[in-house]
Amino acid sequence: MMNKKLSVAVLVLGCLSLLAACQPSNVVSKVKQHTVTVLNQKDQVWRETEAVSATVTSQGSLKNEQVKPDNKLSPAITNAGKFYSVATFKQSDYATIKKAIQKNEAQPKTLRFVTVKQVNATLKAMGATKQIKALTDLVYTQQADGHTFPSNDGYLIEGDHLYEVIMAYTTGGNASTVNRGNVYSRKIKYGTTKQLTFNEVAGTWQSTAGDQATVRDDQLVTIQNKSYVRGKVENLSHLQGEKLYRNTAYSLRQTQLVKQNAKLTQESLVAGDLYDNMYLFLSKTKMARVNTSGVTIFTKKADQSQIPAQVFEVFRLLDQRHTDEVAAYLVAVELGHHIFDPCSKFIANLIGLTLEFSQN
């Protein structure tokens, strides 16, 4: 009887071992699957909020993980599974990235790849509650479009945070400080939540400080430095996917905006001027002016515009000159004087509008 029980136990264990052996080796962990699911969403903007560093000991290990607020880096843009930073980065796997980094002759001989334990220590320092069981639980990237340039980073998403962990570091010499990664957030205060039309934003806008802007004829005109300054109102939806994300003007503007907790999306209706102001329409009644000094909110008003109709007429005549030059501002002899002499009463700035998204 005892032998029969033993035989049954051995048989059960044998079946369990067989089932385990039959499991596919490429099963994706829940941690990684969640990251991939979020990355597959459209038009996500992630702003850097924190940076993490650690000390490399004389034995080559890492200790004293420290987190500090930071926003120096450009935003991470993700859309339909890809990363964008002017170039396009597609998802890859740890083995491919590690091999590519090892083959790079420019890498120092003291390069060391991190362990699961070290990654989890970094994630914990970043504030993540998720932990990985294998380095394959992270998402890795390499440059697309025929290039194979690998990224030395692994990504994990939890909630509204994107955690970027650096997967290798150099050792040697006395204790030194190395970067361990960065924390990004997609919670951004100022952004468009619904596609707007030109007609919906046309009219007079005013800030609490009394600054005024007028939207007319697909352009936004303000009074600045005793000049009438204009910017073209543009709908970013006319550039889809990579044509938008890989545009240098878009990348520069996006970097400027996220530092002020604002963002551009494919739904954004925006205007820029030569004084480096970006006007972002948040809704039919709210608009944000963003510059290096911060954010100013404008509200749609029924009041009559302070900007005379003649200003728009002069701009219209200038645009009919059929040249590559664009007049971005007008200077009147007396601000508020409504008579303009195209020969002597204004100066046309010929450097072009600040914000121009080219489809080339």
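Modeller: Gladly! Helices (H or I, at least four residues) and strands (E, at least two) are DSSP runs, numbered from the N terminus. The part I would pick to begin with is Asn40, which lies in the loop between helix H2 (30-39) and strand E1 (44-56). This is a predicted model, in which local features need pLDDT of at least 70 and side-chain atom pairs pLDDT 80 or more, while totals for chains, interfaces and linings use all residues. Numbering runs from 1 along each chain as its sequence is written, and side-chain values use heavy atoms, without hydrogens or water.

Asn40 is partly exposed, with a relative accessible area of 44%; buried means under 20%, exposed over 50%, partly exposed in between (1.4 Å probe, protein chains only). Leaving aside residues up to four places away in sequence, Asn40 touches Ala80, Gly81 and Gln91, where contact means heavy atoms within 4.5 Å. Asn79 is 39 residues from Asn40 in sequence, yet their C-alpha atoms are 6.4 Å apart in space. Such links across the sequence also show in the whole chain: among its contacts with a separation of 6 or more, 66% are between residues 24 or more positions apart. The protein chain has eight helices and 20 strands, and 45% of its 360 residues count as buried.

Of its 17 lining residues, Ser74, Ser85, Tyr155, Glu164 and Tyr184 are the closest to its centre. Strand E3 (76-79), strand E4 (82-85), E8, E9 and strand E11 (176-185) each give two or more residues to this lining. By residue type, the lining of the largest pocket has ten nonpolar, five polar and two charged members. A pocket is an open set of 1 Å grid points with protein on both sides within 12 Å along at least five of seven lines, and lining residues have an atom within 4 Å of a point.

Strand E8 (residues 150-158) is mostly covered, since eight of its nine residues are buried. On one side, E8 runs antiparallel to strand E7 (residues 139-143), with three bridges joining them, and Gln142 stands opposite Pro150 in E8. E8 also runs antiparallel to strand E9 (residues 161-166), through six bridges; two strands pair if DSSP finds at least two. Tyr155 stands opposite Glu164 in E9, and both are among the residues closest to the centre of the largest pocket. E8 and E9 form a hairpin with two residues between them, and Gly159 in that turn has a positive phi of about 60°.

There is also one cavity of 30 Å³ or more, a set of points where a 1.4 Å probe fits but cannot get out. Its lining is made up of Tyr94, Ile97, Lys98, Ile101, Phe113, Tyr140, Asn152 and Met167. Helix H3 (residues 94-103) gives the largest share of that lining, four residues. Six of the lining residues of the largest cavity are nonpolar, one is polar and one is charged.

A last stop is helix H4 (residues 116-126), where Gln118, Val119, Asn120, Thr122, Leu123 and Met126 are buried. Just after H4, Gly127 takes a positive phi of about 105°.

Note on methods:
Grid points are joined across faces, edges and corners, and a volume is the space filled by probe spheres set on the points. Ala, Val, Leu, Ile, Met, Phe, Trp, Tyr, Cys and Pro count as nonpolar, Asp, Glu, Lys and Arg as charged, and the others, Gly among them, as polar.
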